[in-house]
Amino acid sequence: MAVQTLDISPVGRVEGDLDVRVDIENGVVTNAWTQAELFRGFEIILRDKDPQAGLVVTPRACGICGASHLTCAAWALDTAWQTEVPRNAILARNLGQLVESIQSQPRYFYGLYAIDLTNKKYRNSPFYEEAVKRFAPFTGSSYEAGVTISGKPVEIYALLGGQWPHSSYMVPGGVMCAPTLTDITRAWSLLEYFKKNWLESIWLGCSLERYEQIKTYDDFMVWLDERPEHANSDLGFYWRMGLDVGLHQYGGGVGKYVSWGYLPHEDKYQKPTIDSRNAALIMKSGVYDGATDTHVLMDQKFLRENTTHAWYDEGGADVHPFDRTTRPVQKNDIDHAGKYSWATSVRHTDVGRLEAGPFARQLIAGGRHGESWQHYDGLVLDMYKKMGGPNLHLRQIARMHETIKLYRQAEHCLREFRLNDPWYIKPKERDGRGWGATEAIRGALCHWIDVQNGKIKNYQIIAPTTWNVGPRDGAQARGPIEEALVGTPIADTSDPVEVGHVARSFDSCLVCTVHAHDRKTGKELARFRTA
Amino acid sequence: MANLLWLQGGACSGNTMSFLNAEEPSACDLVTDFGINILWHPSLGVELGDNLQKLLRDCVSGAIALDIFVFEGTVVNAPNGTGEWNRFAGRPMKQWVKELSAAAGYTVAIGDCATWGGIPATAPNPSDSQGLQFLKRAQGGFLGAGYKSKAGLPVINVPGCPAHPDWISQIVVAVATGRGGDLALDDLQRPKTFFQSFTQTGCTRNMHFAYKVSATEFGQRKGCLFYDLGCRGPMTHSPCNRILWNRQSSKTRAGMPCMGCTEPEFPFFDLAPGTVFKTQTVMGVPKDLPKGVDKKGYIALTGAAKNAAPKWAEEDLFVV
């Protein structure tokens, strides 16, 4: 049996440093290992620091999801210090996070993902010429429009926090800002500008109101065929080209999904605690198991980390993050039977490895678990069932679909501010344990903090990419991206764009390197050689 | 026409994200209007795998002219000086940085990590990180104090966490339009055109500073953030209130204290307990005074300011 081998080092356009090793047989990936290749030690830096140090340091763990880190850091301290957070502050935090996520939609889609559709592999597709016209880097019509306009939503973040990225305007007890009427009207104008010049005109080819009538897979098909503007919008075009080039045929993954939920309701989380969070969220938390078609709520107490295959010297047992000690090994040699990544493997005590991200959020939004008032949206779950389960095409569609809902929630924040009410209630500093969570655009994010004697005793972060890119766990089960890579067809080993599709569809926060190895000997072979 | 290569070491991609917020010129304008040829960038580059490695080797050998080398993130040296904790394209990133900076026309450090070490180099600096030519305020860094790029300049330091997109793009435009010779650097190798003035220059709270009206806690519509909330605007060099962020505002305008992130000591006091968002004082006088002001002068100044303060200064100024 022929073993094809390849070595891409690196694949760009995923954030950070990642190597992936894949075994390929007969043009199909049969095994995969994901290796995170950068360690900066933020949890170690935060030890013994000021309790509020996380507000400064953690947004800088990721310049792309900084608002989401700040959200987690603030709520973690709120629960530890038992603060009261005024209604305006909840809205101002939510708005900051929303506009960061809205920013990411065009920036990620054009800048990181859609470029691959201009790959020569697709030159025989009837959509190819148009894809090049739209998505070619820097010069494509949609690329240039989308990447440039992606700076607009975060102008709203600057109105609240002074700048994006890397503000620390969310603090225990509220926010630092006290926006005025002109800040709010300016923010409205920026949202409208974004809607008119990209969201409706380029992305959807219709009004938000028309798009929002889509509730099912069949509704989506009706919308697609209804007018040429719909079919030729970037969403409509991507849908059609994605199916034409077969993106719905691979990249599925573990088939189980997690979301912490996000956007605490402004009237329901003013006295935040770890336990009361689930019932306070507009976008509910959850775990969805595709095999059994069941939804349950997610809770931080179900989370475990394992470092059997990660470059930490912390034993092989599953531990809760409050019990982590973060001891990096000194020599990070790659041993695929042993340790091979800086990412830990994260699992749910009962359900196992889970995929995080917009796809997970939308599948969970389709569940009837949670509170009756919480957000429900069955579209992506319906598509999932009609298409026979997960694939990389649907992972992308879920993200595109979410944009419209993020936009509506941002409008909600702007409507609900009461400008003469408080934005901050000064808290009393105290020792204790806290937990803050949210959904960054690329998935489930949370922070644990343990404050003792007025300083940080332990700070732990589980990022979305930790869920997705984690290595094998203590039971040797593959992580979500490792699993999603298995079964990926590779048409041309000298240009394995399919591996890029899968890695990029997760919006991994890592730069990716793919090593291919002879499956039989495990030995790395010459680059681009076909054995 | 100028070739530009941008790599990331111990980085969060924040400077890249900031750069992508640019307008006039946008990142796309730099390519289409100013002829900047972006050879590769981790978030934007098209080349991958073997082609990228060949491109990097061609830059090192001179087969491709590397006009501008931009580095974001720290140089990671751990463990034991090997740099193996940050591998890129099959080897420690620090090896690429050494070779590429030797070949570069101009070498530009973007953001605090690449200039001084930034957050990753905060004690205990677990990744043994350095900036390109500094570690905090100490000159030297990874490339050594004597390093000069082919254009005869040391590393151009564009600090900030992150750097403002205009600080980045204007340097690139200056080089691309033949104005590299006009780049004047201060003693920390920062372009003077941006870093001579202070963060406070242009702050909307300057009148509150002048009359010593303090914002004693967050979420207020008046008051200077220097006296109680730890703002470092009067002793930090940056144009944050001259060239606004995201075209709209600045941290101090929005109500967030300046943390001094364009200076090598950021994060100040290594984030020790009691130092975050709180002005450090001795007998009621701030430990760190506005640049060049001594303690006696400060007491005289603020005493007079208090006495002269008009009634309106104590009322809300930034009202609904």
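How many C-beta neighbours does Cys65(A) have inside 10 Å, and does it count as buried or exposed?

Reply: Cys65(A) counts as buried, because it has 34 C-beta neighbours inside 10 Å; a residue is called buried with 20 or more other C-beta atoms within 10 Å of its own, exposed with 12 or fewer, and partly exposed in between, the C-beta atoms being placed from the backbone. The model is a predicted one, in which local features need pLDDT of at least 70 and side-chain atom pairs count only at pLDDT 80 or more, while totals for chains, interfaces and linings use all residues. Residues are numbered from 1 along each chain as its sequence is written, and chains are lettered from A and ligands numbered from 1 in the order in which they are written.

Cys65(A) is located in the loop between α2 (53-57) and α3 (66-81) of chain A. Helices here are DSSP runs of H or I with at least four residues, strands are runs of E with at least two, and both are numbered from the N terminus. Setting aside residues up to four places away in sequence, Cys65(A) touches Ala440(A), Ile441(A), Arg442(A) and Leu445(A); contact requires C-beta atoms, placed from the backbone, within 7 Å of each other. An unreviewed UniProt entry annotates Cys65(A) and Cys512(A) as "binding site". Such positions are given in the numbering used here, with shortened feature names, and annotations may be inferred rather than shown by experiment.

The UniProt feature "binding site" (unreviewed entry) is also placed at Glu43(A), Cys62(A), Ile461(A) and His515(A). Of these, Cys62(A) lies in the loop between α2 and α3 of chain A and is buried, with 28 other C-beta atoms within 10 Å. Ile461(A) belongs to strand β17 (residues 455-462) of chain A, and 22 C-beta neighbours inside 10 Å make Ile461(A) buried. Apart from neighbours within four places in sequence, Ile461(A) is in contact with Phe42(A), Glu43(A), Thr58(A), Ala61(A) and His447(A).

Elsewhere in chain A, an open sheet of four strands has the order β11-β10-β7-β14, with mixed pairing. Its edges are β11 (294-296) and β14 (355-356) of chain A; each has a single partner strand, so one side of each lacks a neighbour in the sheet. Strands are taken as paired if DSSP finds at least two bridges between them. Strand β10 (residues 286-289) of chain A and β11(A) run antiparallel and are joined by three bridges, with Asp289(A) as the bridge partner of Thr294(A) in β11(A). Helix α13 (residues 358-365) of chain A lies across β7 (256-259), β10, β11 and β14 of chain A and runs at about 90° to β7(A). For such angles, axes are lines fitted to C-alpha atoms, for helices over the stretch in contact, and values run from 0 to 180 degrees between N-to-C directions.

Chain A also meets chain B: 76 residues of chain A are in contact with 69 residues of chain B. On the chain B side, the elements giving two or more residues are α1 (14-19), α2 (27-32), α3 (49-61), β5 (87-88) and α9 (251-254) of chain B. That side has 35 nonpolar, 25 polar and nine charged residues, where Ala, Val, Leu, Ile, Met, Phe, Trp, Tyr, Cys and Pro count as nonpolar, Asp, Glu, Lys and Arg as charged, and the others, Gly among them, as polar.

Chain B has a sheet of its own, an open one of five strands in the order β2-β1-β3-β7-β11 with parallel pairing. At its edges stand β2 and β11 (156-158) of chain B, each with a single partner strand, so that one side of each has no neighbour in the sheet. From one strand to the next the twist averages 25°. Helix α4 (residues 93-103) of chain B packs on this sheet and touches β1, β3 and β7 (106-110) of chain B, its direction making about 150° with that of β3(B). Helix α6 (residues 165-176) of chain B likewise packs on the sheet, touching β1, β2, β3, β7 and β11 of chain B.

Within that sheet, strand β1 (residues 2-8) of chain B has six of its seven residues buried, so it is largely enclosed by the rest of the structure. β1(B) pairs in the parallel sense with strand β2 (residues 36-40) of chain B over four bridges, and Leu5(B) stands opposite Trp40(B) in β2(B). With strand β3 (residues 68-72) of chain B, β1(B) pairs in the parallel sense over five bridges; Leu7(B) has Phe71(B) as its bridge partner in β3(B).

Notes. Contact = placed C-beta atoms within 7 Å.
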